[in-house]
Amino acid sequence: MGLLENAAEWLESQRIRELSVPIVYQRRDGETLNIPATPGRTLFRAENEYGVTIRTETRDFLIAAEDLPDDPERGDVILHAGLRYEVLAPNGEPVWRWSGTGRILRRIHTKEIGGA
């Protein structure tokens, strides 16, 4: 393993140790996983039919690919700190994307939908 790969692995271990919180990831089929995730956010911008820019902010969760091996899907739910977040993204955007290099971290976009 090269220097950059070692550094990325070390940085990922630090993210998990220092910034992650416990969540429950619930698939639409009912399967649940108790895994660590790092909360974040993404700001989406899109113009409506009148040329007005609409801003939408999502609550994101960064999850190691090894902890969530299958792709997240619209309608999955994340439970965190007594709240429910539905996996979705505005304006037809994908509900998740790779974060960083090496495809080791998924950034999952969600919207708060109420209490757990």
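Me: Are Asp60 and Arg107 buried or exposed?

Reply: First, the ground rules. This is a predicted model: local features need pLDDT of at least 70, side-chain atom pairs count only at pLDDT 80 or more, and totals for chains, interfaces and linings use all residues. Residues are numbered from 1 along each chain as its sequence is written, and side-chain values use heavy atoms, leaving out hydrogens and water. Buried means under 20% relative accessible area, exposed over 50%, partly exposed in between (1.4 Å probe, protein chains only). Asp60 and Arg107 are both buried.

Me: What joins Asp60 to Arg107?

Reply: Side chains of opposite charge can pair when their charged atoms come close. A salt bridge puts a side-chain nitrogen of Lys or Arg within 4 Å of a carboxyl oxygen of Asp or Glu. Asp60 and Arg107 form one, with the closest N and O atoms 2.9 Å apart. The pair links strand β3 to strand β7 (residues 105-115), 47 residues apart. Strands are DSSP runs of E, at least two residues, numbered from the N terminus.

Me: How many salt bridges does the whole structure have?

Reply: Five. Among them is Arg27 with Asp76, at 3.2 Å, N to O. Arg27 sits in the loop between β1 (21-26) and β2 (32-47), and Asp76 in the loop between β3 (53-64) and β4. Arg27 is buried at 11% relative accessibility. Asp76 is buried at 2%.

Me: Which residue does Arg28 pair with?

Reply: Glu73, with the closest N and O atoms 2.6 Å apart. Arg28 lies in the β1-β2 loop and Glu73 in the β3-β4 loop, so the bridge ties together parts 45 residues apart in sequence. Arg28 is exposed at 56%, and Glu73 is partly exposed at 39%.

Key
Helix = DSSP H or I, 4+ residues; strand = E, 2+ residues; numbered from the N terminus.
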